Amino acid sequence: MAETLLKKQVRPMFEKNWKEHYQVKALTKLGYERKICKNCGDPFWTLDSSKEICSDSSCMGVSFLGKKTKEYSYTECWKKIEKFFEKNGHTSIPRYPVIPRWRSDLYFTNASIIDFQPYVVNGEVKPPADPLIVPQTSI
Ligand SMILES: [Zn+2]
């Protein structure tokens, strides 16, 4: 039986007796309460007894960024970020390849700092700009 099908079948049984199957005593000892989200119906744990909606972004929205005013493509988003940093004294440089040229211990660039390791980071070569911003693709 596929795992998802099995979950679909047993979940209602487990939900009926959730304390036996899902209660996390360490959480209840800390004052957490298990609730059912009024929006999506999924269970969640909270310290706030007045909370009725889980913290999933599909239920709560993405409130830490404020109200969404516009949809941006990847490129539009990058251009906005680039403009902000340029306005604040950074030089935008072209991205480096995703295959790190000077790091034989890595197959792929997994952070933009890899672009500058080891030679820039150890001081042998000056960075192309300082400060800078790079739209580095990382894998
Ligand atoms: Zn929810």
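Tutor: The protein has 5 helices and 4 strands. From the N terminus on, these elements follow the order α-α-α-β-β-α-α-β-β. Please bear in mind that the model is predicted.

Student: What is the mean pLDDT of the protein, and how many of its residues reach 70 or more?

Tutor: The mean pLDDT is 89, and 96% of the residues reach 70 or more. Among the elements, β3 has the highest mean pLDDT, 97, while helix α2 (residues 18-21) has the lowest, 82.

Student: Into which domains is the protein divided, and what separates their centres?

Tutor: Domain 1 covers residues 9-55 and domain 2 covers residues 74-133. The centres of domain 1 and domain 2, taken over C-alpha atoms, are 44 Å apart.

Student: How does the radius of gyration of the protein stand against that of a compact globule of 139 residues?

Tutor: A compact globule of 139 residues would have a value near 14 Å, but the protein has 24 Å. Along the principal axes, the C-alpha atoms fill a box of roughly 65 × 40 × 35 Å.

Student: What share of the 139 residues is buried?

Tutor: Buried residues make up 3% of the 139 residues. To be buried, a residue must have 20 or more other C-beta atoms within 10 Å of its own.

Student: Why is helix α1 said to lie as it does, in terms of its buried residues?

Tutor: Of the 14 residues of α1, the number buried is 0, so the helix lies largely in the open. One of its residues is R11.

Student: Why is R11 called exposed rather than buried?

Tutor: R11 has 11 C-beta neighbours inside 10 Å. The cut-off for an exposed residue is 12 or fewer, and therefore R11 counts as exposed.

Student: How do you know whether α1 has the span expected of a helix?

Tutor: Helix α1 covers residues 3-16, and its first and last C-alpha atoms are 20 Å apart, close to the 20 Å expected at 1.5 Å a residue. The helix also bends by about 35° at V10, and the proline P12 follows within four residues.

Student: What makes β1 and β2 a pair of strands?

Tutor: Two strands pair if there are at least two bridges between them. Strand β1 (residues 33-36) and strand β2 (residues 43-46) are joined by 4 bridges, and therefore they qualify. These strands run antiparallel. Across the pair, K35 stands opposite F44, and I36 stands opposite P43. The hairpin has 6 residues between the strands, and in it G41 takes a positive phi near 85°.

Student: Why is Q117 called partly exposed?

Tutor: Q117 has 16 C-beta neighbours inside 10 Å. A residue is exposed at 12 or fewer and buried at 20 or more, so Q117, falling in between, counts as partly exposed. Q117 belongs to the loop between β3 and β4. Its C-alpha atom is 6.9 Å from that of W102, although the residues are 15 apart along the chain.

Student: What makes I113 partly exposed?

Tutor: I113 has 13 C-beta neighbours inside 10 Å, so it counts as partly exposed. I113 also lies in the loop between β3 and β4. I113 and M13 are 100 residues apart in sequence, and their C-alpha atoms are 50 Å apart in space.

Key:
Residues numbered from 1 in each chain as written. Predicted model: local features only at pLDDT ≥ 70, side-chain atom pairs only at ≥ 80, totals over all residues. Domains from an automatic or database assignment. Helix = DSSP H or I, 4+ residues; strand = E, 2+ residues; numbered from the N terminus. Expected span 1.5 Å × (residues − 1). Bend = angle between axes of the 7 residues up to and from the residue. pLDDT = per-residue confidence, 0-100. Rg over C-alpha atoms; globule rule 2.2 N^0.38 Å.
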